Amino acid sequence: MALDGLEDAVRSGLGSSKTARQPAKAHVVRYADDFIVTGANQELLEQRVKPAIEAFLSARGLQLAPEKTLVTNIARGFDFLGQNVRKYGDKLLIKPACKSVQALLSRVSEVLGKNKAATQSQVIMKLNPILRGWAMYHRHVVAAATFSRIDHLVWTKLWRWAKRRHPQKNALWIKGRYFERRGLRNWIFACHVATPERAFRPTLFRLTTVTIKRQTKVRSDANPFDPAWTPYFQRRANGC
């Protein structure tokens, strides 16, 4: 709520464009307290947009965080909400940010480090929500190659975790103890659990099983509170 009106402040900072042949333009994208502003050139952002934002925040007792504030070219890219936005030639690609990938892998290592003596099923139950949640968040961007790489790195961490538990056993024994083969797929981290109520096979979630699905932008004039737009939002919910 404190940032409501930021867009108007940026427009005011651009000044009047009545006499300009090419009016200065800047676009604000905001999510909660994170935002980016795009402009035609660096001078526009540094000399007009940034001072307007600083004045807007100062009036509310806020200020830009120096370590998070960056003016950069789209060709070099930038991170926003855990994703990297960068233009490669004429193509704009949004990928999971390197920091986000490292944070995920660090969290996986932390879980394995704290559960050295846990059962395989317990480890799977702890890792699956972490991996699934991360993959679902990034499933709308260019993430297929990243998903594949993470699956491999997570497998490497699990292999080390399994070897550490059985230092006297050879690789073939460890593979048979912790990994399964199902159809054409091998090295599946899974186990069998039997309880008085039921038997099941906990299996580690693989990010590559998540289908990449591009997010279609909502029409600017669409109103979810207007019954006339109900069919439109129903079609979106059904993936049409």
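Me: On what basis are the features assigned?

Reply: The model is predicted, so local features need pLDDT of at least 70 and side-chain atom pairs count only at pLDDT 80 or more, while totals for chains, interfaces and linings use all residues. Residues are numbered from 1 along each chain as its sequence is written, and side-chain values use heavy atoms, with hydrogens and water left out.

Me: How many helices and strands does the chain have, and is it compact or spread out?

Reply: Helices (H or I, at least four residues) and strands (E, at least two) are DSSP runs, numbered from the N terminus. Here there are 7 helices and 9 strands. The radius of gyration is taken over C-alpha atoms, and the globule rule is 2.2 Å times the number of residues to the power 0.38. The chain has a radius of gyration of 24 Å, well over the 18 Å that the rule gives for 240 residues, so it is more spread out than a compact globule. Along the principal axes, its C-alpha atoms fill a box of roughly 80 × 45 × 40 Å.

Me: How do strands β6 and β7 run relative to each other, parallel or antiparallel?

Reply: Two strands pair if DSSP finds at least two bridges between them. Strands β6 (residues 179-182) and β7 (residues 185-189) run antiparallel and are joined by 3 bridges; Phe179 has Phe189 in β7 as its bridge partner. The hairpin has 2 residues between the strands, and Gly183 takes a positive phi near 65° there.

Me: How should I read a salt bridge?

Reply: Side chains of opposite charge can pair when their charged atoms come close. The criterion is a side-chain nitrogen of Lys or Arg within 4 Å of a carboxyl oxygen of Asp or Glu. The whole structure holds 7 salt bridges. One of them joins Glu180 and Arg201, with the closest N and O atoms 2.3 Å apart. This pair links distant parts of the chain: Glu180 is in strand β6, and Arg201, 21 residues away, is in the loop between β9 (199-200) and α7 (230-237). Glu180 counts as buried at 15% relative accessibility, whereas Arg201 is partly exposed at 42%.

Me: Where do Glu110 and Lys114 lie?

Reply: Both are in helix α3, 4 residues apart, about one turn of the helix.

Me: Which residues form a nonpolar patch on the surface?

Reply: Patches are made of residues with over 30% relative accessible area and no salt bridge: like charges are joined within 9 Å, nonpolar side chains (Val, Leu, Ile, Met, Phe, Trp, Tyr) within 5 Å. Areas come from the Shrake-Rupley method with a 1.4 Å probe; for residues, only the protein chains shown count as cover. In this structure Tyr31, Leu81 and Tyr137 form the patch, with about 320 Å² of accessible area together. Tyr31 lies in strand β1 (residues 26-31) and is exposed at 55% relative accessibility.

Terms used: Buried means under 20% relative accessible area, exposed over 50%, partly exposed in between (1.4 Å probe, protein chains only).
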